[in-house]
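Colleague: I'm new to this one and would like to get to know its pockets. Could you walk me through them?

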Amino acid sequence: MGGNPVITKIAGLLKSDTPDKQIAAAIVLAELRARDPLAIDGLLALVGSGVAPLQRHGLSALAAIGATKVLPHALALVAARDADVRAAAVDALASFGDAAVPLVREKLAAAAPQERRVYDEILGRLGGKDALSALLSGLAPDDFDTARNAVLPLRQRIKESDARGRKRYYEHAAGFLGSKAAATLPAARVAALKILGFTEDSAGLPTLVGFATDRKEHESVRQEALIAIRLVAHGGPAAAATAKDTARGKLDAKMGDKLLSVGETAPLAVARVALLSLLGAPLPPQRAPRLEKLAGHAEGERALLALDLLGQIPGDGAGDALGRILIATSERARAEAAATALGKRGDAGAALTRALLATVDKDRTQMLVSLLRPHLRGVDDKLKKKLIACAIERVAAGDSGAEPLLQLARSIDGATVAAGLRALADRLRKSKKPDLALPVLRILGRSSDATPDDGYALASMELTGGLRDQSFLIIGQLVDRGFDVGAAIRKDRALDHNHRYQVGFHFAERGHPLGEELLTAVAEAAGRTKVGQMARAKLKSSGF
C-alpha cells in the first residue's frame with residue numbers, strides 16, 4: 001500500500017498542530033491497516049510525543065497494523081505515568097503474541113524486583129508456550145501474589161479456546177510442573193497449577209492430587225492445587241468433553257477420601273480449601289464417622305466445615321451424628337451449625353427425635369424441642385410413641401427439665417400423654433408414694449386433657465398433703481362444673497373424718513349445700529367423737 005496518495009495524505013495529518021486531527025488520522029490508518037512507512041513513522045512519532053492521548057492512539061494503531069517497530073516503544077511505556085498509556089502499551093505488546101516474548105524476557109531478566117510484576121503480567125497476556133515458559137521460570141520463588149496475578153489473564157483466553165488450544169495450555173503447564181526448574185520455584189508451581197485448573201482438564205487430577213496431598217509441599221502450592229481440583233472436578237464442559245471424561249471429572253470416593261485426609265491433618269489454611277472442595281460433592285455415608293470426629297476438632301473453623309459436610313451426607317448415620325454433636329457441644333457456634341445442617345435434611349425430624357430421646361440436659365432438651373417442632377410431620381409413629389413414653393418416664397423420674405418434652409408430646413397426642421400420667425400417678429399412690437404422685441397429678445391437672453376425676457384426685461392429694469387452700473380451690477371449680485364432689489368424697493378412702501369436716505366447714509361458711517351434705521355425713525359417721533361434735537355444732541350454727 002506504499003505510495004498510495006490517500007494514505008500519504010492521511011499520514012500527513014499526523015504532523016498536524018491540532019491533536020484532534022492527529023488522533024483522527026491514527027484511527028483511520030488503524031482501520032485501513034496502513035503499513036506505509038510514512039504512516040508507521042508518523043504513528044511512532046505520536047508514541048514518542050509524551051502526550052498521553054496521542055501516545056495511546058499511536059500504540060493502538062500500530063498494534064492494529066501489526067507494525068513490530070512499536071514493540072520496544074511499547075515496552076518502554078508499560079511503566080508510563082498515565083494509566084491509559086500503560087494499558088495501551090500492554091495491549092499492544094499482547095497483540096504480537098510470541099513475537100514480543102524475546103523482548104519482554106530480556107527486559108524481565110534485567111528488571112528490579114519491584115518492576116517485575118508488569119512484565120510477568122505481559123507474559124501472562126501473551127500466553128504462548130515461549131511466553132509461559134519465560135513467565136514461569138522468571139517468577140520470584142516466593143512472590144505468590146505476583147504469580148497468581150500474572151496468570152489470571154489466561155483464564156478468559158483458555159475459556160475461549162477450542163479443545164486443541166486448551167490442551168496446549170494444559171501440556172505447557174503440566175510439562176513445567178514436571179521440570180527441574182519447577183522444583184526450586186514454589187510461586188511458579190502455584191502459577192502452573194492455576195493454569196491446570198483453568199483448563200478444567202480431568203487428565204490433570206492425579207497431578208493436582210499429588211501436589212495437594214504432599215505434606216512436604218509449600219502451603220500455598222497445596223492450596224492452589226486444591227483450588228484447581230475444585231475447578232476441574234466441578235468445572236464446565238472443558239472438564240468433561242466426553243461421557244468418559246464426565247465420570248473422571250467428578251470427585252470419586254478415593255479422591256474424596258484423600259481430600260478429607262488433607263482436611264483432617266493439614267495446616268488450617270490448606271485444610272480449609274480441601275474441605276471447601278468437598279462441599280457439593282457426593283459423599284458416601286461411610287464418611288460420617290470421620291466427619292463427626294473432625295467436628296470436634298479444637299480449631300473451630302475446621303469443625304464448622306465438617307458440620308456442613310455432614311449435613312450433605314445421606315442416611316441416618318450422618319443425621320444422628322449431627323444430633324450427637326448438638327447434645328454434646330458446649331460451643332454455641334457449633335451447636336448452631338449442627339442445627340442448621342440438620343434443618344436442611346429430609347430426615348431432620350427422625351434425627352432430632354433420636355437426639356431428644358438421648359439427652360436429659362434441660363437446655364439441650366429445650367433447644368431440640370424448638371428445632372423438632374417444624375419437622376414433626378416427618379417423624380414416624382414408632383418414634384413418636386417413644387418420645388411420649390420418654391416424656392412420661394422423665395416426669396416419673398422427677399426431672400425438672402421434662403416440661404418442654406412433655407409439651408411436645410402433648411402436641412403429638414395429648415390424650416395418650418394424659419392417660420400415661422394418670423396411670424403413673426395411680427401407680428405411685430398405690431405404692432404409698434404420695435410425695436411422688438402429687439407432682440404428677442399437678443402436671444396432669446394443668447393440661448387441657450385432664451378430666452374432672454383427675455381434678456378430684458389432685459384435690460384429694462392436696463388436702464391430705466396439708467394444702468387445704470389449693471384443695472378447696474379445685475373442689476370449688478369442680479362443683480361449678482357440675483361434678484358430684486360429695487359422692488367422690490364419700491368413696492375416697494384416702495380421706496378421714498377430719499379431711500371431710502374441713503371441706504364441709506369451708507363450704508358451710510359460704511352457705512353452699514355441699515357444706516351441709518359433708519358435715520351431716522361426718523356427724524353421722526363420727527358419732528360422739530370430737531370431730532363428730534364439731535360437725536353437729538357447725539351444722540347448727542350455720543342454720544342447717
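This is a predicted model: local features need pLDDT of at least 70, side-chain atom pairs count only at pLDDT 80 or more; totals for chains, interfaces and linings use all residues.

Colleague: Which element gives the most to the lining of the largest pocket?
Modeller: The lining has 17 residues, and those closest to the pocket's centre include Arg429, Ser460 and Met461. Two or more lining residues come from each of α27 (403-430), α29 (452-464) and α31 (485-491). With six residues, the element that gives the most is α29.

Colleague: How many residues in the lining of the largest pocket are charged?
Modeller: Split by class, that lining holds six nonpolar and two polar residues. The charged residues there number nine.

Colleague: From which element does the largest share of the lining of the second largest pocket come?
Modeller: This second largest pocket has a volume of about 320 Å³. Its lining has 17 residues, and Gly445, Gly455, Leu458, Ile474 and Gln477 are the closest to the centre. The elements with two or more residues in this lining are α28 (434-445), α29 and α30 (468-480). The largest share, five residues, belongs to α30.

Colleague: How many residues in the lining of the second largest pocket are polar?
Modeller: Six residues of that lining are nonpolar and four are charged. The polar residues number seven.

Methods: Residues are numbered from 1 along each chain as its sequence is written. Side-chain values use heavy atoms; hydrogens and water are left out. On a 1 Å grid over the protein atoms alone, a cavity is a set of points where a 1.4 Å probe fits but cannot get out, and a pocket is an open set with protein on both sides within 12 Å along at least five of seven lines; lining residues have an atom within 4 Å of a point. Helices (H or I, at least four residues) and strands (E, at least two) are DSSP runs, numbered from the N terminus. Ala, Val, Leu, Ile, Met, Phe, Trp, Tyr, Cys and Pro count as nonpolar, Asp, Glu, Lys and Arg as charged, and the others, Gly among them, as polar. Grid points are joined across faces, edges and corners, and a volume is the space filled by probe spheres set on the points.
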